[in-house]
Amino acid sequence: MLLSMHRFACDERDEARISMALIELRDIRKIYDLGEVQVEALRGVSLDIHQGEHLALVGPSGSGKSTLMNMVGCLDRPTSGSYRLADEEVGNLTADRRARIRNRRIGFVFQNFNLLARTSALENVELPLLYAASVSARERRRRAIAMLERVGLGDRLGHHPGQLSGGQQQRVAIARALINEPSLLMGDEPTGNLDSRTSREVIELFQRLNEDNGITVILVTHDPEIARNAKRIIALRDGVIVQDTPDIDLAWSSLHSQEQEVEP
Amino acid sequence: MLTFRVAIRALAKNKMRAGLTILGVVIGIAAVTTMVSIGQSASQMVQSQFEMLGTNVIVVRPASRRSGGVQIAGMPSLTARDVEAIRTECPSVMAATAMVRAGGQVIYGNTNWSPSEMWGVGPDYLTVRNWPLRHGGFFTERDVSSAAKVCVIGQTLVRELFQTSDPLGQTIRIANIPFEVIGVLEPKGVNLFGQEQDNIVLMPYTTVRKRLQGSEFDHVHLAMVSARSMQQMSDAQNEITHLLLERHRIHPGEPADFEVQNTDEFARVLGMITGTMTMLLASIAGISLIVGGVGIMNIMLVSVTERTREIGIRMAVGARPKDILRQFLIEAVLLSCIGGLIGFALGVAASTGLTMLINTLSSGSEWQVVISVPAGIIAFLFAAAVGIFFGYYPARRASRLDPIESLRYE
């Protein structure tokens with residue numbers, strides 16, 4: 001524990017020297033006002049993520065990992081604290097500005113794919129470009145086809161989600177997430193609805209994107225096998241980071257040990 | 001432009017629902033279009049009826065004179081010489097005819113017939129009434145001064161008395177006096193009040209006075225005057241009024257013993273009535289348009305709920321709230337505009353059908369189908385306005401959805 005903290009501190013210093021952090025979270029808090037009770041989903045999370053990192057966000061349900069992911073993905077705003085993305089404060093932006101940032105910098109991949117039903121793979125992949133300024137229809141189409149070919153679906157352009165397998169649907173979703181060339185790719189349990197073989201394919205795709213293209217990848221997962229592929233694991237519990245380590249076993253045991261501490 | 005295409009695609013994905021949604025607007029616009037069209041046909045009908053009455057017609061009739069608050073009825077004050085003076089002395093007057101009412105049976109061979117109208121008139125009558133002859137000729141000044149026993153008959157008499165034989169030159173008897181038929185009028189159909197106009201016999205007014213009524217007075221029941229043009233109607237009216245006041249030696253301040261009526265005023269009043277009726281009907285039809293708008297709002301609200309996830313997805317990939325607002329608003333406006341176009345087409349078809357039905361049911365009258373382009377444009381704009389008005393609330397609701405919750409929505 002002590003050792004890992006030490007190493008984290010070293011890493012931070014080393015990388016700060018090399019490049020500025022892509023994501024800087026400082027004392028992020030999120031309180032949901034449910035009327036009679038207030039739920040504090042995040043209680044002071046500070047985290048730096050650099051360009052090109054491959055991160056897994058793990059933790060039991062209710063740990064705040066989804067909240068953190070929505071925050072980082074600019075889908076949500078923190079109640080307090082500072083969030084700098086590519087050196088720009090984005091924690092308190094309007095809905096319009098956050099939409100812009102999601103459109104340009106962030107790609108999302110969801111557990112249930114979240115493709116538009118009764119809409120072809122091609123149109124689904126084109127979707128983010130519709131909301132990006134000044135991309136011609138021809139250019140949209142060209143880029144969407146290229147992206148679908150890249151994820152191995154060049155022969156499925158006109159297929160609707162209902163006509164595609166789960167793995168294929170998720171690859172369409174990945175193509176959609178990548179179409180705007182984001183610097184950050186976020187996956188919320190991206191393999192949760194896939195069988196193990198397809199899961200592996202999807203995870204390998206994420207890995208390739210991270211290693212070959214330098215895209216920062218953040219995955220939320222509860223599956224240690226998926227998390228194992230990440231180079232850095234952030235373990236959350238009760239809205240705080242309890243472990244930040246490249247070692248999945250360490251992360252898991254820390255979650256586990258805390259469970260034992262809490263439960264006796 | 002882009003959102004426009006997005007909206008079209010979204011609508012195309014659920015054609016059945018889109019069709020049902022626009023039904024209300026279709027019916028509303030069709031109803032408004034039909035009502036306005038029928039109303040305008042009616043006004044036009046009124047207009048053409050007045051044209052049938054004659055061109056730029058002014059009617060002069062004797063009025064009951066009042067003396068010390070007592071109404072002296074039945075004092076005829078208008079004479080054939082007055083009419084002649086109007087004809088020759090008023091510069092704005094093109095033609096004028098005296099008119100004397102008569103009645104009785106017409107006998108030809110062993111058939112008899114009661115014409116609904118029997119008038120003694122002057123040679124200008126046809127000009128004033130703008131009524132051409134089908135066959136033969138009309139009586140002249142000479143016929144008038146000699147009280148000739150000649151007559152001109154309408155189509156109904158031709159049909160009832162002569163069937164297929166040629167009436168020209170035949171002799172008919174009225175009150176046992178033989179009259180030669182010298183002309184046959186063109187058919188004119190029914191008038192504004194549903195009266196048949198072809199059941200008519202015309203004779204020189206002198207003939208009616210002297211031979212049928214045995215009177216030596218030259219009082220007439222009324223005079224019909226035609227102005228030279230529409231613009232000269234009021235001039236003519238003034239000239240006639242002044243002339244008659246002078247001729248009848250009526251001092252300023254005294255009530256006149258005649259009335260000068262402009263049929264145009266009557267036409268205007270009737271036009272106003274039909275216009276009001278049209279507005280009323282269109283307003284009632286407009287209510288159905290509002291109901292149609294509420295239908296659109298209803299379906300759009302359902303659609304927003306149903307497509308919550310789609311909205312969430314769009315927002316996640318970078319759609320701003322205003323993009324979502326615009327998409328749903330355009331969908332609503334597109335729906336109502338398509339509905340408006342279909343409704344207008346249906347309305348045109350319906351009013352054509354109705355006009356044809358009216359023409360078949362009331363034989364004789366000829367209603368014209370009036371499709372006004374401005375009405376179509378207004379209907380279309382109104383449909384678009386309905387779309388904006390009733391689409392705004394659902395669209396705003398869609399744009400205010402929270403992306404996270406929308407993505408979780410099942």
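Modeller: One term to begin: two residues are in contact if their C-beta atoms, placed from the backbone, lie within 7 Å. This is a predicted model; local features need pLDDT of at least 70, side-chain atom pairs count only at pLDDT 80 or more, and totals for chains, interfaces and linings use all residues. Residues are numbered from 1 along each chain as its sequence is written, while chains are lettered from A and ligands numbered from 1 in the order in which they are written.

Colleague: Fine. How many residues of chain B are in contact with chain A?

Modeller: 17 residues of chain B, in contact with 20 residues of chain A.

Colleague: Which elements of chain B give two or more residues there?

Modeller: Helix H1 (2-12), helix H10 (308-316), helix H11 (321-361) and helix H13 (403-408) of chain B. H10(B) gives the most, with four residues. On naming: helices (H or I, at least four residues) and strands (E, at least two) are DSSP runs, numbered from the N terminus.

Colleague: What is that side of chain B like by class?

Modeller: It has 11 nonpolar, one polar and five charged residues. Here Ala, Val, Leu, Ile, Met, Phe, Trp, Tyr, Cys and Pro count as nonpolar, Asp, Glu, Lys and Arg as charged, and the others, Gly among them, as polar.

Colleague: New topic. Which residues of H5(A) are buried?

Modeller: A:Arg140, A:Ala144, A:Met147 and A:Leu148. Buried means that 20 or more other C-beta atoms lie within 10 Å of the residue's own; exposed is 12 or fewer, partly exposed in between, with C-beta atoms placed from the backbone.

Colleague: What do the buried residues of H5(A) pack against?

Modeller: Helix H4 (121-130) and helix H6 (166-178) of chain A. A:Val125 shows some of that packing. Leaving aside neighbours within four places in sequence, A:Val125 is in contact with A:Ala144, A:Met147, A:Leu148, A:Val172, A:Ala175, A:Arg176 and A:Ile179.

Colleague: And how far does H5(A) reach?

Modeller: H5(A) covers residues 137-150, 14 residues, and reaches 20 Å from first C-alpha to last. That is close to the 20 Å expected at 1.5 Å a residue; the expected span is 1.5 Å times one less than the number of residues. A:Gly152 follows, with a positive phi near 80°.

Colleague: Which residues touch the most other members of the largest nonpolar core?

Modeller: A:Leu57, A:Val125 and A:Ala175, out of 121 residues. Helix H2 (residues 15-53) of chain B gives the most to this core, with 13 residues. A second, separate core of 59 residues includes B:Val60, B:Ile172, B:Met224 and B:Val225. A nonpolar core is a set of buried Ala, Val, Leu, Ile, Met, Phe, Trp, Tyr and Cys residues joined through C-beta atoms within 7 Å.

Colleague: On to strands. Which way do the residues of E9(B) point?

Modeller: B:Val150 and B:Val152 point one way from strand E9 (residues 150-153) of chain B, B:Cys151 and B:Ile153 the other way. All are buried.

Colleague: In what sense do E9(B) and E11(B) pair?

Modeller: Parallel, over four bridges, with E11(B) spanning residues 177-185. Strands pair if DSSP finds at least two bridges between them. E9(B) also pairs with strand E12 (residues 200-204) of chain B, antiparallel, over two bridges. B:Val152 has B:Gly183 as its bridge partner in E11(B) and stands opposite B:Leu202 in E12(B).

Colleague: Back to chain A. What order does the open sheet of four strands have?

Modeller: E2-E1-E4-E5 (chain A), with antiparallel pairing. The edge strands are E2 (38-49) and E5 (88-89) of chain A.
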